[in-house]
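I opened the files and kept notes as I went. The entries below follow the order in which I looked things up.

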Amino acid sequence: MRDLLGEALRQSGAWGSWPEPIVVDAVDSTMRTMTTLAHDGAVEGQVVVARSQTAGRGRHGRTWVSALDQGVWLSILMRPTVPATTASTLPLVVGLAVADALGREWGLDVRLKWPNDVVVATIEGDSANTDWTKLAGVLAERIDDGGIIIGVGINVSQRRTDLPSGATSLVTYARKFSPAKPVDESPVSLIVRTAAAVLVEVSSAYRHWVSGAWMIDRYRQQCVTIGRKVQVEHIAMSQVRNERIQSAGTFTAVDVDAAGHLMVRDDCGAVHAVTAGDVTLTPSCPPGDAR
Ligand code: ATP
C-alpha cells in the first residue's frame, strides 16, 4: 500500500515537498503514533496511514471503529504559524477538504455537520428535514511543541451492520444511492485512491489557509447544521452580548462565524457562539415556526 499511495501522490503533482506517508499494518491509534513521531522530530506534512487501528479514537476520547483494509485511517502533522483566531478554523478547513475530495472522487454530495463530521444524506427532503449519516470524521489535537495533529477516519467498504448507528461507508452508500456507478475495485485500491484524493486536497487547502486566503464561506455553504434546530451538550459558550450560558439545550443554528464557532439562537432570540461541544440535529419545527 505504501508504494501505491506514494506513487498516487507523486502523480498528482500537488503533494509538494511534504514527505512520503508512512504506512503501517496495525497501530493502537495513528494519533498516538504521530505524537511519538512528532516528539522525535517529524516534519510538517508527515502522514501516518494505518491499515487498521485497535484503539482508534474520535473527539473526547470516543472510540473510532477502524477495521483492517476497510477505511482510510490516518493522522497528519501540521506546524502552522498563524494567529490563534485563525488556528481555531483548522479542523473546519480539513473537514471541508475531506468532504470536497470525497465528493469529487466518488461523485457524491458530501457535506459537513458542524464542526467536522463528514456526512451524506440518507433521506432526501427539504434542507430542514434531511437526515444525514456519517462517512468520515476529523479530529484535531494540539501537542506540547505547538504542532497540531489532525486525524482523519473515512469509512470505505464496511457493511452498515459493521458500523455504529448513524454511520455508513462510501461503498455501501454508493451502492444504494448511486447504483449506476458500480464499485468493483479491490478494497486496497479503493483505500489508496480515496486516501490520495483526500491527502492532496487537504495539503492544498492547508497551504491556502496558511497563506491567509482560506475563507469560511464555502464551509458555510456545505454545513448542514446551519438552519437546523440543534441540541447542544457539554456546552462551552463564548461570551456574546456579555452572557455566558453553561446549560445544554435546544437552539436554532444560524451561522458559523469567521473563527469557526457555531452561532445558535435561543428561544428568547439571543445569539450565542458555541466554541466546543456536542451538537445533534433535531427534527425541525413545522415550516414558519423556525427561528
Ligand atoms: P457525533 O458523530 O455523535 O456527532 P463526534 O463528532 O464527537 O460525535 P467523533 O469524535 O468524530 O464524533 O467520533 C466518535 C463517534 O463516532 C463515536 O462515539 C461513534 O459513535 C462514532 N463512530 C465510531 N466509529 C465510527 C466510524 N468508523 N464511522 C462513523 N462513526 C463512527
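**Entry 1: Val-256**

I began with Val-256, which I found in strand β9, residues 249–256. I noted that this is a predicted model. Is Val-256 buried or exposed? Its relative accessibility is 0%, so I put it down as buried.

I then listed what Val-256 touches, leaving aside neighbours within four places in sequence. The contacts are Leu-92, Trp-114, Ile-216, Tyr-219, Arg-220, Cys-223, Ile-226, His-261 and Leu-262. I also looked up a distance: the C-alpha atoms of Val-256 and Arg-193 are separated by 31 Å, and the two residues are 63 apart along the chain.

Next I looked up Thr-89, in the loop between α3 (84–87) and α4 (90–106). Thr-89 has 4% relative accessibility, and because buried means under 20%, I recorded Thr-89 as buried. With neighbours within four places in sequence left aside, Thr-89 is in contact with Trp-209, Trp-214, Ala-258, Ala-259 and Gly-260. With Trp-209 there is a polar contact, side chain to side chain, at 2.9 Å.

Asp-100 sits in helix α4. At 19% relative accessibility Asp-100 still counts as buried, since the cut-off is under 20%. Which residues does Asp-100 touch, not counting those up to four places away in sequence? I found Glu-201 and Arg-218. The side chains of Asp-100 and Arg-218 make a polar contact of 2.3 Å.

**Entry 2: the cores**

I turned to the largest nonpolar core, which has 73 residues. Val-98, Leu-102, Ile-154 and Tyr-219 touch the most other members. Helix α6, residues 187–210, gives the largest share of this core, 12 residues. Why does the core lie between domain 1 and domain 2? Both domain 1 (2–220) and domain 2 (226–281) give residues to this core, so it lies between them.

As a general note, nonpolar side chains tend to be buried together in soluble globular proteins.

**Entry 3: helix α2**

I went along helix α2, residues 30–39, and marked Thr-30, Met-31, Met-34 and Ala-38 as buried. Seen down the helix axis, the buried residues of α2 fall within an arc of 100 degrees, so they line one face of the helix. What do these buried residues pack against? I noted strands β1 (22–27), β2 (47–53), β3 (71–78), β6 (131–142) and β7 (148–155).

Then I checked the ends. At the N-terminal end Ser-29 caps α2, with a side-chain oxygen 3.1 Å from the backbone nitrogen of Met-31. Just after α2, Gly-41 has a positive phi of about 100 degrees.

**Entry 4: the ligand**

Last, I looked up the surroundings of the ligand. There are 13 residues around it, and Arg-59, Arg-62, Val-65, Lys-134 and Asn-155 come nearest.

- For Arg-59, a backbone N or O atom lies 2.4 Å from a ligand oxygen atom.
- For Val-65, a backbone N or O atom lies 2.9 Å from a ligand nitrogen atom.
- For Asp-117, a polar side-chain atom lies 3.0 Å from a ligand oxygen atom.

Note on methods. Residues numbered from 1 in each chain as written. Predicted model: local features only at pLDDT ≥ 70, side-chain atom pairs only at ≥ 80, totals over all residues. Heavy atoms only, no water. Core = buried A, V, L, I, M, F, W, Y, C linked by side-chain atoms within 4.5 Å. Buried < 20%, exposed > 50% of the residue type's maximum accessible area, 1.4 Å probe, protein only. Helix = DSSP H or I, 4+ residues; strand = E, 2+ residues; numbered from the N terminus. Domains from an automatic or database assignment. Arc of directions from axis to C-beta. Contact = heavy atoms within 4.5 Å. Polar contact = N/O pair within 3.5 Å; in protein donor to acceptor, adjacent residues only side chain to side chain. Near = heavy atom within 4 Å.
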